[in-house]
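Here are a few exercises to work through with the model on screen. Try each one before you read its solution.

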Amino acid sequence: MANYYSDHPEIGFHLNHPLMKRIVELKERDYEDAKTYADAPVDYEDAIENYKQVLDITGDVAANIIAPNSESVDLEGPHLENGRMIYASKTFENIDATRKAGLWGISMPRRYGGLNLPNVTFSMLSEIISAADAGFQNIWSLQSCIDTLYEFGSEEQRQKYIPRICEGEGMSMDLTEPDAGSDLQRVMLKATYDEENQCWRLNGVKRFITNGDSDIHLVLARSEEGTKDGRGLSMFIYDKRDGGVDVRHIEHKLGIHGSPTCELTYKNAKAELCGDRKLGLIKYVMALMNGARLGIAAQSVGVEQEAYNEALAYAKERAQFGQKIIEFPAVYDMLSRMKAKLDAGRSLLYQTARYVDIYKALEDIQRDRKLTPEERQEMKKYTRLADAFTPLAKGMNSEYANQNAYDAISVHGGSGFIMEYKCQRLYRDARIFSIYEGTTQLQVVAAIRYITNGTYLNIIKEMLEQEVAEDLKPLQARVAKLVELYEDALNYVKEAANQDMQDFLARRLYDMTGDIVMSLLILDDATRAPELFAKSAQVYVRHAEADVNGHAAYIKAFKAEELESFKA
């Protein structure tokens, strides 16, 4: 019987990373929960075994319920009835199956009914569900919005809302408006305080809201009269049970048809303030977005995997000119690159998730007691690493998902263009990944300061010091040469001291950064598990060489005065 977890040992490999011991130690707080909750682990090995059991259950549900339902969901999609969004019929089956399997409240503490699983495991679950149906992954993974409420809401709000998410109610984050897309400072949905009823009221329109008719919404709204920038925005909790929000329109999209994208009208809707006023965009949306970006990275890896699976299976079966097409160099070249991008992208995803886990766990501990100086230093270190790696993980993997889906169609040839084959749906679904929750261009903007201030370069040089297997040392030496090219190109851009030139070349520097970081990650993986990753290490380093050499040559030949010739 198929299982989207156990069929891919590359996923489980990442549970064996050395940082996992520290993550589990922090997340489980010396296994205190074992005294109160029967399902809480008693030691590290027990915790890892728990994670594997949840992953195995999810792999089964994904392979045998969600994936078989995906075509029907894609064809039917959600629809609108009397101001309400109605899921595709098979989506209800998916939700029911994940509820019965206990796959809600993943990250929440056990005292609220959650599973208390780390981000690494949540990302694995997201990847697995996305491989089965990326549209459904959106609905399911938005439960992670509860992390923001947990971090910034009151204890009363936690007790009121978190158990509902743990039981399988859905969430949404209502940020975008018709005139405020990437520029959220322009949000104008109005929040006014109702003195008579001692609550807030929301009025206005939200657009492009994923899972927009959810049970519990986190809403960015303008609470400060007369303001026009981010300092006037606060975060609110809207409960669908209170009414006041209608779905005006459901978007008809290229892909992820199972994921409803709604336009909402707020009409005097009752809401609660989440956290402090005026910090909605400055603090809370940033936390929401970082979590969402890691979720899209996981969603992307899931589609990378499924695209590779489809292409590989077809290439093994399809015969032309008297032999299977997998024997043709042009085809196995494509397949090897797809697998290398998948393995390297997955490694980047889980490295980022590990960094997030450590600093988030320490932040959580800090709510209950003062951190030691060593713990404060650790939290600072991993916060910085997570902030640096998140835009890389989201941007690089969303682009790789698009590339793998494109190549899967190429392997299928004309059949890939026919709607009966899954690869066309993967291609349509993947296109949004490099757009929503911050386009790749915005990931570049988020990453560029870590490029120019040398953060990534220092990380890369530290990674270069790690021991690799003897047979991988020639590859490591080749990566070291790429680092020299990277540093040289970076210094060239910085010495030009021209902001427009830096902005123009930023994407190339970003791609070089991602290529080198992932090369070093896959070399480490191949050292620890050559049977899984040795081939991908060989292929990915060659891919990185082609990219980095090309970008370095482009940058070093570029002059600031040439910028005018590129303007439309």
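**Exercise 1.** What percentage of the 568 residues in the protein chain is buried?

*Solution.* First, a word on the ground rules: this is a predicted model, with pLDDT of at least 70 needed for local features and 80 or more for side-chain atom pairs, while totals for chains, interfaces and linings use all residues. Residues are numbered from 1 along each chain, and side-chain values use heavy atoms, without hydrogens and water. Now call a residue buried when its relative accessible area is under 20% (1.4 Å probe, protein chains only). That gives 58% of the 568 residues.

**Exercise 2.** Work out whether the radius of gyration, taken over C-alpha atoms, agrees or disagrees with a compact globule.

*Solution.* Take 2.2 Å times the number of residues to the power 0.38. For 568 residues the rule gives a value near 24 Å, and the protein chain has 24 Å, so the two agree. As for the box, the C-alpha atoms fill roughly 70 × 55 × 55 Å along the principal axes.

**Exercise 3.** Find the share of contacts (heavy atoms within 4.5 Å) that link residues 24 or more positions apart.

*Solution.* Keep the contacts with a separation of 6 or more; residues 24 or more positions apart account for 75% of them.

Key
Buried means under 20% relative accessible area, exposed over 50%, partly exposed in between (1.4 Å probe, protein chains only).
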